[in-house]
Each structure stands twice: as C-alpha cells, then as structure tokens.
Amino acid sequence: MKFGRKIFILCLAVYILSLSVTSIVVTENTYRNLLNEEIERSLEEEGNLHSTLQLYLMSTQPLQERIALKDYSKNLVDLVSTDRNYLEIYDENLELLASNAPRAWFYERVELKVALEGHKNFIIRREDGRLYLFVSNLLEIGQEKIVLAMIREITHVEKHRWDQYLFFLKTGLVGLAVVALVTWQSSIFLLRPFQELTATAQSIASGNYHVRTKVKRKDEVGLLAEQFNLMAEEVERKIKQLEEQGQRQQLFIDNLTHELRTPLTSIIGYADFLLKAKYDPAVFHKSLLYIHAEGKRILNLAKKMMDLIFIRENPLQLKEEDVLAILVEVQHIMQVKGEEKGITIEVTGSPAQVPVDKELFKTALINLVDNAIKASSPGQKVILGVKQDNRGTEVFVADQGRGMDEEHVSKVTEPFYRVDQSRSRKEGGIGLGLALVKQIVEKHNAGFAITSKTGVGTTIQIKFGK
Ligand SMILES: Nc1ncnc2c1ncn2[C@@H]1O[C@H](COP(=O)(O)OP(=O)(O)O)[C@@H](O)[C@H]1O
Ligand SMILES: [Mg+2]
C-alpha cells in the first residue's frame with residue numbers, strides 16, 4: 001500500500017473513532033441528565049401532589065366506607081388531572097379506585113406493592129416504543145391506606161437521544177468528507193517532494209549522475225533533499241574519478257603495449273634480417289648494436305615498471321638524512337654522463353636534515369638530473385641545490401636547457417608522456433621518469449613543482465614542509 005494512502009486511511013480512522021467516542025459520550029451523558037431531570041421532577045411533583053392530597057383529605061370528613069373512598073379518589077383524580085401526567089389511585093388491596101390514564105397497563109405493578117409497604121419508588125417501562133415513568137407512593141389517611149401512582153410519558157427524552165445521534169451522524173458525515181478532502185490534498189502536498197526525490201534517484205541510478213533534486217523546503221524533507229544532493233555530488237565526483245582512473249589505466253596499458261611492441265618489432269626485424277642476410281661484418285655489427293640497444297630499452301622499461309610497482313606497494317624507510325650529501329652522491333653518479341655531453345653538474349646550498357628514504361630519493365634525483373642533461377647543450381650547467389627557510393627545506397634541480405611550453409609542464413608527469421617522442425626515444429627515454437619521481441615525492445608527502453620556459457631552462461623543486 002502506498003504511504004499516502006496509509007496516511008489517508010489512518011487519518012480517517014482516527015477521525016471516525018474520535019467522533020464516535022465523542023458522540024456516544026456526549027449523547028449518553030445528555031440522555032442520562034435529561035432522564036434524571038425527568039425523574040427528579042416527577043418525584044417532586046408527586047411529593048407536591050402527595051402533600052396537597054393529604055391536606056385536602058384531612059380537611060374533609062373521615063373516610064369510613066369504600067364507596068366514599070372511591071368517590072373521593074375520583075374527585076382527587078379530577079382535581080390533579082393533566083394531559084401527560086396520569087394519576088391512579090389504589091386501595092390497600094391494590095384495587096384501582098380512580099384513574100385519569102386513558103388506558104390500562106397489562107403488567108405486574110410491582111412498584112405498587114413496594115409503595116404499599118411504605119417505600120416511595122419509581123420504575124421506567126417501555127411499551128409500544130414509548131417510555132413511561134411510574135412513581136408510586138403510599139398515602140395514609142387515618143386507618144385508610146391508598147396508593148398513589150403517577151405516570152409520566154418520557155418518550156421525548158429518548159427521542160432527543162436518537163435525534164442527537166442523528167445530528168452527530170449527519171455532521172460527522174459532512175466532517176468526514178471535509179477531513180477526507182483535506183487529508184488527501186495534504187498527503188499529496190506532503191509526499192510530492194518524496195516523489196521528486198524518487199524520480200531523481202531513479203534518474204541517477206540509470207546513469208544521469210549530474211541530475212539534482214529541486215526540492216527546497218525548510219523542514220526535514222528539505223534537509224533530506226539537501227543531503228541527497230550532496231550525496232549525488234559526491235557520487236558524481238567519485239564516478240568521474242573512477243572513469244578518469246579507468247581511462248588513465250587504459251592509456252597506461254596502451255602506452256606500455258606500444259613501448260614493448262616497438263623495440264620487440266625492431267629486435268625481431270633485425271634478427272630476421274640477420275638470419276636471411278649474407279654475412280657482412282659491418283652490417284652484422286650495426287644490426288647487433290640495434291638489437292642490443294632495443295633489448296636494453298625493454299630492460300629499462302621493465303626496471304622502471306618494477307620501480308613504480310615497488311614504490312606503490314612498499315612503505316618508505318624514512319630516516320633523517322643530509323640531503324646536501326645525497327645531492328653530492330648524485331653529482332658523482334651522473335658526472336660521467338654529463339661530461340660525455342660537455343655539461344657540468346654543480347651542487348649548491350648547505351647541509352639540511354630531512355626524513356627521506358635515501359635510495360628512493362636518490363632514484364628520483366638521478367631521473368631529474370638525467371632529464372636535465374638530456375635537455376641541455378654542451379657548455380651548459382645543471383645545478384643541484386638545497387634551500388632552507390622558515391617554511392622548510394627545498395631540494396631543486398635546475399638546468400639551462402631547452403625547457404618546455406606551459407601546456408607540457410602539467411602533463412610531463414603522466415606516464416609515457418614526452419614532449420618530443422622521437423628525441424626521447426633516441427636518448428633511450430620511455431617517458432616513465434617524471435611519473436616515477438612524482439610518485440616518490442608524493443610518498444614523502446613533499447611538494448612537487450616544475451617551472452620551465454622554452455629556450456631558458458627548467459627548474460624542478462621538491463619541497464619538504466615543516
Ligand atoms: N629538464 C627538462 N627540460 C626539458 N624537458 C624535460 C625536462 N625533464 C623532462 N622533460 C620532458 O618531459 C618528458 C618526460 O620526462 P620523463 O618522464 O623523465 O621521460 P623520458 O626522460 O623518458 O623522456 C621528457 O620526454 C621531456 O620532453
Ligand atoms: Mg627521464
């Protein structure tokens with residue numbers, strides 16, 4: 001069952017129940033009060049009649065004979081005769097002496113016997129759909145006893161009761177229609193935002209991650225909508241992130257496949273050629289050099305891949321090290337390669353203790369110096385330096401080489417990205433160096449910045465914060 005219908009039915013049930021209880025309590029209470037009023041009035045009237053008659057009878061001659069009593073009784077009845085109040089007078093044998101009732105009663109008149117014993121009493125009887133109140137009392141005049149029975153029709157009290165029920169029923173039905181209408185409209189109004197939220201959720205579930213709910217309210221529903229939108233935003237962000245990650249991974253695999261296939265194709269091509277060609281020492285030597293170079297390329301690729309995986313999987317072995325000393329070590333390692341190209345490597349700055357994984361940090365610096373040498377021309381310098389200020393320690397590698405445009409700066413850390421693919425290849429590069437450096441730096445929680453200008457040079461900074 002739908003939530004709106006449940007609210008609707010519940011409201012109607014509560015309304016019907018409360019109205020029923022109210023109408024029963026009010027009507028029955030009124031009925032009881034009216035009935036009590038009638039009884040009290042009758043008892044009072046009977047009392048008045050009783051004393052009036054007693055006075056009257058006492059002032060007349062003493063009663064000696066039955067006939068006389070009967071006559072007196074008739075006189076009495078005539079005296080007090082009214083439209084709706086009937087009076088009956090019985091003798092001590094409970095024989096009717098006089099009555100102004102237009103009819104006789106065909107049931108045992110127990111109340112008369114009780115009255116004869118001296119107890120004033122009343123009883124209510126129903127006959128032919130009419131209600132009667134019988135009040136009986138004993139009247140003693142000397143030796144004689146007579147029983148007075150006053151009968152009053154009180155059907156109107158009960159009629160009032162049923163009229164009141166009918167009134168409640170009629171007004172209740174009108175009220176029910178109003179309550180039904182109001183509840184129905186209210187439930188539609190209250191549940192509309194939930195329908196909108198459901199529609200939005202369905203839309204998001206079917207892949208429209210940009211959809212947001214337009215529900216705006218200042219109540220709990222509004223809060224729910226707000227949180228829902230925040231959640232949708234987070235889901236969209238995460239999905240985008242996953243998509244980008246997926247794309248990056250695909251690109252990585254594509255590039256890797258390409259990087260593997262190119263040298264392998266060369267190797268197989270040269271091997272085929274050597275198998276078929278006539279032996280010529282010069283040609284064989286040249287071919288074998290190619291095969292050797294391409295084989296080293298694959299080895300290099302495998303090594304870098306292993307490094308990348310190793311860095312990702314293993315925790316760092318951090319130790320306070322003097323980075324200036326590490327820079328000097330790197331200078332020694334790379335010196336030969338620099339000299340081959342006529343490039344000098346200099347180290348500047350003062351000793352600084354920084355927590356680093358020495359081997360990995362050295363790997364990062366070697367990659368940076370390698371790039372700097374490759375980008376520089378003979379006679380230029382590569383400077384490795386340490387700078388310290390109150391914000392922390394900065395290690396940098398600066399060259400005066402070819403530099404690169406702004407558009408490349410943000411991309412060179414992506415795996416396999418190279419500004420000049422063929423030149424990089426010629427120099428044995430595979431485009432994983434800066435990706436590796438960035439990963440190492442990030443693992444050290446250090447900052448990484450590249451500043452470069454075409455024809456001016458490049459500076460790469462690694463910033464260890466305090
Ligand atoms: N110091 C630098 N000066 C100019 N270009 C650079 C420098 N360092 C890196 N690059 C550019 O960034 C690219 C990516 O570098 P890297 O990831 O180390 O790959 P690789 O050295 O194998 O080509 C290089 O191919 C080069 O185009
Ligand atoms: Mg490199």
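This is a predicted model: local features need pLDDT of at least 70, side-chain atom pairs count only at pLDDT 80 or more; totals for chains, interfaces and linings use all residues.

Trainee: How do strand 9 and strand 10 pair, parallel or antiparallel?

Mentor: Antiparallel, over eight bridges, with strand 9 covering residues 381–389. A hairpin through two residues joins strand 9 to strand 10.

Trainee: And which way does strand 10 run relative to strand 12?

Mentor: Those two run antiparallel, joined by eight bridges.

Trainee: How many residues of strand 10 are buried?

Mentor: Eight of its eight, so the strand is mostly covered by the under 20% cut-off for buried. Strand 10 spans residues 392–399.

Trainee: OK, switching to rings. How many aromatic pairs does the structure hold?

Mentor: Seven. One of them is Tyr279 with Phe284: the ring centres are 4.8 Å apart and the planes sit at 65°, so the pair is edge-to-face.

Trainee: Is Tyr279 buried or exposed?

Mentor: Exposed, at 63% relative accessible area. Phe284 counts as buried, at 17% relative accessibility.

Trainee: What about Phe361 and Phe464, what kind of pair do they form?

Mentor: An edge-to-face one, with 5.7 Å from centre to centre and 70° between the planes. That pair links distant parts of the chain, 103 residues apart: Phe361 belongs to helix 8 (residues 358–375) and Phe464 to strand 12 (residues 457–465).

Trainee: And are those two buried or exposed?

Mentor: Phe361 is buried at 2% relative accessibility. Phe464 is buried too, with a relative accessible area of 9%.

Trainee: Where does the charged end of Arg161 sit?

Mentor: Over the ring of Trp162, 5.1 Å from the ring centre. Arg217 lies over the face of Phe189, with 4.7 Å to the ring centre.

Trainee: Last topic, the surface. Which residues form a nonpolar patch there?

Mentor: Leu17, Val21 and Val25 do, and together they have about 290 Å² of accessible area.

Trainee: Where is Val25, and is that residue buried or exposed?

Mentor: Val25 has its place in helix 1, which covers residues 3–59. Its relative accessible area is 52%, and the cut-off for exposed is over 50%, so Val25 counts as exposed.

Notes
Residues are numbered from 1 along each chain as its sequence is written. Chains are lettered from A and ligands numbered from 1 in the order in which they are written. Side-chain values use heavy atoms; hydrogens and water are left out. Patches are made of residues with over 30% relative accessible area and no salt bridge: like charges are joined within 9 Å, nonpolar side chains (Val, Leu, Ile, Met, Phe, Trp, Tyr) within 5 Å. Accessible areas come from the Shrake-Rupley method with a 1.4 Å probe; for residues, only the protein chains shown count as cover. A salt bridge is a side-chain nitrogen of Lys or Arg within 4 Å of a carboxyl oxygen of Asp or Glu. Helices (H or I, at least four residues) and strands (E, at least two) are DSSP runs, numbered from the N terminus. Buried means under 20% relative accessible area, exposed over 50%, partly exposed in between (1.4 Å probe, protein chains only). Rings of Phe, Tyr and Trp (its six-membered ring) pair if their centres lie within 6.5 Å; planes under 30 degrees apart count as stacked, over 60 as edge-to-face and the rest as tilted. A charge sits over a ring if NZ of Lys or CZ of Arg is within 6 Å of the ring centre and within 35 degrees of the ring normal. Two strands pair if DSSP finds at least two bridges between them.
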